[in-house]
Amino acid sequence: MSGWFMNYSYACQPVDYSSNPIATRMANLCWWYYISKLTEFADTVFFVLRKKDNQISLLHLYHHSLTPLETWICVKFLAGGHGTFSNLVNNFVHVLLYAYYMVSAMGPQYAKYIWWKKYLTKTQLAQFVLVFFHSLQAIYYDCGYPKFIAALLLVHSIIFYALFYDFYLTAYRKEKPRLQAQQQLKQQQMIGNGSAPNGTANGVANGVANGLATQLPGDQKTVTEAKKNE
């Protein structure tokens with residue numbers, strides 16, 4: 001953060017291996033970022049211990065197993081430079097993410113305060129788009145930052161975007177029709193049990209009445225014709 005908000009170039013930033021105070025601070029921040037990813041990996045351990053296998057998705061497994069390795073490489077060989085921009089953006093997103101986890105863990109009475117879950121996923125998607133185009137600059141410009149690492153960041157952003165977008169579709173787009181179908185089924189069951197809300201019951205009653213009213217002229221004509229035949 002000390003580099004990106006002060007001295008770093010957003011177009012292309014090489015790694016500074018000197019003992020410069022800014023370079024030292026960036027290396028220190030990379031180390032703490034690596035430690036934070038190790039603590040996040042504990043989520044997977046807790047899921048396994050609690051036998052919550054349904055929560056260990058491909059996205060979760062890929063994210064929490066690969067990220068510690070990537071951050072270790074960052075600390076060991078690239079403690080600073082262009083690639084640390086993704087660390088900065090990711091830290092901002094994780095502040096929002098763990099704020100959501102905190103509120104949701106406080107109990108169902110606080111569920112109304114986390115209506116922004118959908119937008120949190122959109123923020124994560126925007127993160128990968130931002131990192132993609134930022135990493136693309138390191139390939140176009142020649143500042144000494146390894147182009148191979150920049151290319152890996154591009155691939156990494158694409159994979160993460162695809163996984164998170166699939167999660168977004170599953171959680172929000174595909175879930176909506178299922179919830180609507182469940183609601184319609186519940187209303188039908190309530191009508192069958194005679195416990196439908198007034199609005200629903202009145203709607204059904206009006207529909208039946210309208211149907212009878214439509215059939216009355218035909219029925220009356222049939223009765224008249226029957227009398228003539230007598």
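This is a predicted model: local features need pLDDT of at least 70, side-chain atom pairs count only at pLDDT 80 or more; totals for chains, interfaces and linings use all residues.
Reader: Thanks! What percentage of the residues count as buried?
Author: 29% of the 230 residues do. Buried means under 20% relative accessible area, exposed means over 50%, and partly exposed is in between (1.4 Å probe, protein chains only).

Reader: And how many helices and strands are there?
Author: There are 7 helices and 0 strands. Both are DSSP runs numbered from the N terminus: helices are H or I with at least four residues, strands are E with at least two.

Reader: Where does UniProt put the transmembrane region feature?
Author: The unreviewed entry places it at residues 85–103 and 147–168. UniProt positions are in the numbering used here, feature names are shortened, and annotations may be inferred rather than shown by experiment.

Reader: Helix or strand in those spans, then?
Author: Residues 85–103 are 100% helix, with end C-alpha atoms 28 Å apart. Residues 147–168 are also 100% helix, and there the end C-alpha atoms are 31 Å apart.

Reader: Switching to α4, what does its buried side pack against?
Author: The buried residues of α4 pack against α3 (84–105) and α5 (147–173). Among those buried residues are Leu120, Phe128, Val131 and His134.

Reader: Nice. Which residues make the nonpolar surface patch?
Author: Val129, Phe133, Leu136, Ile139, Tyr161 and Tyr165 make a patch of about 500 Å². α4 and α5 are the elements that give two or more residues to the patch, and α4 gives the most, with 4. Patches are made of residues with over 30% relative accessible area and no salt bridge; like charges are joined within 9 Å, nonpolar side chains (Val, Leu, Ile, Met, Phe, Trp, Tyr) within 5 Å. A salt bridge is a side-chain nitrogen of Lys or Arg within 4 Å of a carboxyl oxygen of Asp or Glu.

Reader: Which helix holds Tyr165?
Author: Tyr165 lies in α5, and Tyr165 is partly exposed, with a relative accessible area of 35%.

Definitions and conventions
Residues are numbered from 1 along each chain as its sequence is written. Side-chain values use heavy atoms; hydrogens and water are left out. Contact means heavy atoms within 4.5 Å. Accessible areas come from the Shrake-Rupley method with a 1.4 Å probe; for residues, only the protein chains shown count as cover.
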